[in-house]
Amino acid sequence: MKKELFGYTAAGEAVERIWLEGEGIRCGVLTYGGALAALEVPDREGHPTDVVLGFDTVEDYQKQDKYIGALIGRYANRIGGSRFRLGNETYPLYANDGPNHLHGGKVGFDKKIWQVQELPDGISLSLHSPHMEEGYPGELDVTVSYTLQPGQLTIHYQARTDRETVCNLTNHSYFNLGGQGSQAVLDHQLQLFASAYTPADPESIPTGEIAPVEGTPMDFRRPTAIGARIDQDFAPLRYASGYDHNWIIDGPQGTLRPFARVWCPRTGILLEGSTTLPGVQLYTGNFLEGGPQGKGGAVYHNRDAFCLETQFFPDAPNHENFPSPVLRPGEVWDHTTVFRFSVE
C-alpha cells in the first residue's frame, strides 16, 4: 500500500489516494467517496491499461454528478417518490432525481471522506452514518474493503445498524476495457447471467414486474455487442436512452456466482464478474457528457463506458415481491463482488 495526498475538498478536508499493486493488477482508491480512481490491467500485448474512468483533481470529483468510481449508499439506485415505509413509519427522503431519490440523496456516501486501514492484501474503508441522515432510520456503520489477488479485484461490503433500516451498497465504476478515454464501448461483447429483469417506468422506477429477457433486446445470455440492439424501438431503451436497468442474476442470492462477462475486441481484455447480490444494474453511460475533463485530459462522451452495479433491486423497499433490503439490529449486511481480468 502506498498513500499520497491527492488534494483538498472545497471544505478543506484532505483527500488521500491509496495505490494497491498485485500480480497483473494495480488500482488507486480515494478516501473521497471511496472511489476506485484507477484500475490498471494488461492488454493482449502486455501493456498496462487503465480500464476505469476518473478525474485528476478532487475539485473535478466534487463537480461531477455521474458518481464516477464512488461507493454508493445508504441506498444505491432509485427509491420512487422519495419515500418508503418500514413497520408503521413512512420515511421521506431527499428528492434529487426529479420526484425520486437517487444513490443516497443530497450528500450520499459518494461525497464523504472514508477512514482507511491497511489489510494484508488491500485496504478497508469505514464510515459512520448517523440516525436519520438523509432521512434513513438507524445508526449505520459501514466497512468496505478493496483487496487484490492475481488479476482480480474483490470488493467486500459490511454494514450494521442499531435499529431497523434499509441498506443497499454498491460501487459505481465506469469501465472501458479499451482504456479510459478511448472510443465508445458499443463494440464490447457482453454476457449477463440473467434470465429476467425488472421493467421500469419513464422515470426508471420499477413497475414491480419481473419479466423474462427472452425475445427482447435485454437478452444478453449469449455474448452480444453492447451496441447491437441499444437503439432498437423498445420502450425500456427509449425511456433510458439506452441500457440503464436492473437484471436479476441467475442462482441463489447470497452465493458467489457469475453475473457478467465482458470482452473488448480491441485490447483482448476480458472482465468476469461474480457477486452474492441479487441484481446488477447495467448502465451504458447514456448521459455521461457534460462533466469535467477526465484523467489525462480525456473528454468523456455518452456511451464511452459501462457500469455493472451489483445491488438489491431499485425501489425494493416499496415492492414486497423484490428481495428485501431491510437490515435489523444484530444482523450484518454482508456481500461481495469480484471483478476478474484476463486476456482472450
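Biologist: How do the residues that line the largest pocket divide into nonpolar, polar and charged?

Modeller: Good place to start! This is a predicted model, where local features need pLDDT of at least 70, side-chain atom pairs count only at pLDDT 80 or more, and totals for chains, interfaces and linings use all residues. Residues are numbered from 1 along each chain as its sequence is written, and side-chain values use heavy atoms, without hydrogens and water. With Ala, Val, Leu, Ile, Met, Phe, Trp, Tyr, Cys and Pro counted as nonpolar, Asp, Glu, Lys and Arg as charged, and the others, Gly among them, as polar, the lining of the largest pocket has 13 nonpolar, 10 polar and 10 charged residues.

Biologist: What volume does the largest pocket have?

Modeller: On a 1 Å grid over the protein atoms alone, a pocket is an open set of points with protein on both sides within 12 Å along at least five of seven lines, a cavity is a set where a 1.4 Å probe fits but cannot get out, and lining residues have an atom within 4 Å of a point. Points are joined across faces, edges and corners, and a volume is the space filled by probe spheres set on them. For the largest pocket, that volume is about 660 Å³.

Biologist: Which residues lie closest to the centre of the largest pocket?

Modeller: There are 33 residues in the lining of this pocket. The elements that give two or more residues to it are helix H1 (58-63), helix H2 (235-240) and strand S24 (279-283); helices (H or I, at least four residues) and strands (E, at least two) are DSSP runs, numbered from the N terminus. Closest to the centre are Asp 65, Lys 66, Tyr 67, Arg 78 and Leu 102.

Biologist: How much space lies in the second largest pocket?

Modeller: Its lining includes Arg 85, Val 166, His 319 and Phe 322. The lining residues divide into 7 nonpolar, 3 polar and 2 charged. The space in the second largest pocket comes to about 200 Å³.

Biologist: Which strand gives the largest share of the lining of the largest cavity?

Modeller: The model has 4 cavities of 30 Å³ or more, and the largest has a volume of about 50 Å³. The largest share, 3 residues, comes from strand S21 (244-249).

Biologist: Which element gives the most to the lining of the second largest cavity?

Modeller: The second largest cavity has a volume of about 40 Å³, and Pro 236, Tyr 239, Ala 240, Asp 244 and His 245 are among its lining residues. Two elements, H2 and S21, each give two or more residues to this lining. The one that gives the most, with 3 residues, is H2.

Biologist: How far from Asp 43 is the nearest side chain of opposite charge?

Modeller: Asp 43 sits in the loop between strand S4 (36-42) and strand S5 (48-50), and its side chain reaches the backbone nitrogen of Glu 45 at 2.9 Å. Asp 43 is buried, where buried means under 20% relative accessible area, exposed over 50% and partly exposed in between (1.4 Å probe, protein chains only). Asp 43 has no salt bridge, that is, a side-chain nitrogen of Lys or Arg within 4 Å of a carboxyl oxygen of Asp or Glu. Counting Lys and Arg as positive and Asp and Glu as negative, with His and the chain ends not counted, the nearest side chain of opposite charge, Arg 44, is at 7.4 Å.

Biologist: How many residues apart in sequence are the parts tied together by Lys 112 and Glu 133?

Modeller: The structure holds 17 salt bridges, and one of them joins the side chains of Lys 112 and Glu 133 (2.5 Å, N to O). Lys 112 lies in the loop between strand S10 (101-102) and strand S11 (115-119), and Glu 133 in the loop between strand S12 (122-129) and strand S13 (140-149), so the pair ties together parts that are apart in sequence by 21 residues.

Biologist: Is Asp 231 buried or exposed?

Modeller: Asp 231 meets Arg 303 in a salt bridge (3.0 Å, N to O), and the pair links parts of the chain 72 residues apart. Arg 303, at 15% relative accessibility, counts as buried. Asp 231 has a relative accessible area of 60%, so this residue is exposed.

Technical notes: A polar contact is a pair of N or O atoms within 3.5 Å; within protein, one must be able to donate a hydrogen and the other to accept it, and residues adjacent in sequence count only if both atoms are side-chain atoms.
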